[in-house]
Amino acid sequence: MIPEHINPMQWHQAVGIARQSCARFFRDGATAKDAMRAFGADVGTADVADWGKAVEAIAHVLCARPEKRAA
């Protein structure tokens, strides 16, 4: 499901990158929670063991607008 505020092409690319990254984490024996934490996605207090949710959360992080930094 593509969020309305995100460009569909950007979302498609972000999901692809997130899937590839999650596959690497899985192959290395890490958990979905570890993958989300590595990308700075909100893990929350619940036990997240679903790779699908991890892919979506990571894609959201990749599509987020960068925060403006002070000079």
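The axes of helix 2 and helix 3 come within 9 Å and cross at roughly 5°. Axes here are lines fitted to C-alpha atoms, for helices over the stretch in contact, and angles run from 0 to 180 degrees between N-to-C directions. Helix 2 and helix 3 are therefore roughly parallel to each other, a label given to angles under 35 degrees, whereas those over 145 count as roughly antiparallel, 65 to 115 as roughly perpendicular and the rest as oblique. Helix 2 contributes Ala32, Ala35, Met36 and Phe39 to the contact, and helix 3 contributes Trp51, Ala54, Ala57, Ile58, Val61 and Leu62; contact means heavy atoms within 4.5 Å. By class, this contact of helix 2 with helix 3 has 10 nonpolar residues, with no polar and no charged ones. Ala, Val, Leu, Ile, Met, Phe, Trp, Tyr, Cys and Pro count as nonpolar, Asp, Glu, Lys and Arg as charged, and the others, Gly among them, as polar.

The model is a predicted one, in which local features need pLDDT of at least 70 and side-chain atom pairs count only at pLDDT 80 or more, while totals for chains, interfaces and linings use all residues. Residues are numbered from 1 along each chain as its sequence is written, and side-chain values use heavy atoms, with hydrogens and water left out.

Stepping back to the whole chain, there are 3 helices and 0 strands, in the pattern α-α-α along the sequence. Helices (H or I, at least four residues) and strands (E, at least two) are DSSP runs, numbered from the N terminus. Of the 71 residues, 28% count as buried, meaning under 20% relative accessible area, with exposed being over 50% and partly exposed in between (1.4 Å probe, protein chains only). Among contacts between residues at least 6 apart in sequence, 43% join residues at least 24 apart.

Helix 1 can now be placed against its partners. Helix 1 and helix 3 pack at an angle of about 130°, with their axes 8 Å apart. That makes helix 1 oblique to helix 3. On the helix 1 side, the residues that meet helix 3 include Trp11, Ala14, Cys22 and Phe26, and those of helix 3 include Trp51, Val55, His60 and Cys63. This contact of helix 1 with helix 3 divides into 15 nonpolar, 2 polar and 2 charged residues.

The axes of helix 1 (residues 8-27) and helix 2 (residues 32-39) come within 9 Å and cross at roughly 130°. That makes helix 1 oblique to helix 2 as well. Ser21, Cys22 and Phe25 of helix 1 make the contact with Asp34, Ala35, Ala38 and Phe39 of helix 2. By class, the contact of helix 1 with helix 2 has 5 nonpolar, 1 polar and 1 charged residues.

What lies inside? The largest nonpolar core has 17 residues, and those with the most contacts inside it are Trp11, Cys22 and Met36. Such a core is a set of buried Ala, Val, Leu, Ile, Met, Phe, Trp, Tyr and Cys residues joined through side-chain atoms within 4.5 Å. Helix 1, helix 2 and helix 3 (51-63) each supply at least two residues of this core, and the largest share, 6 residues, comes from helix 3.

His60, placed in helix 3, counts as partly exposed at 32% relative accessibility. The C-alpha atoms of His60 and Trp11 are separated by 8.1 Å, although these residues are 49 residues apart along the chain.
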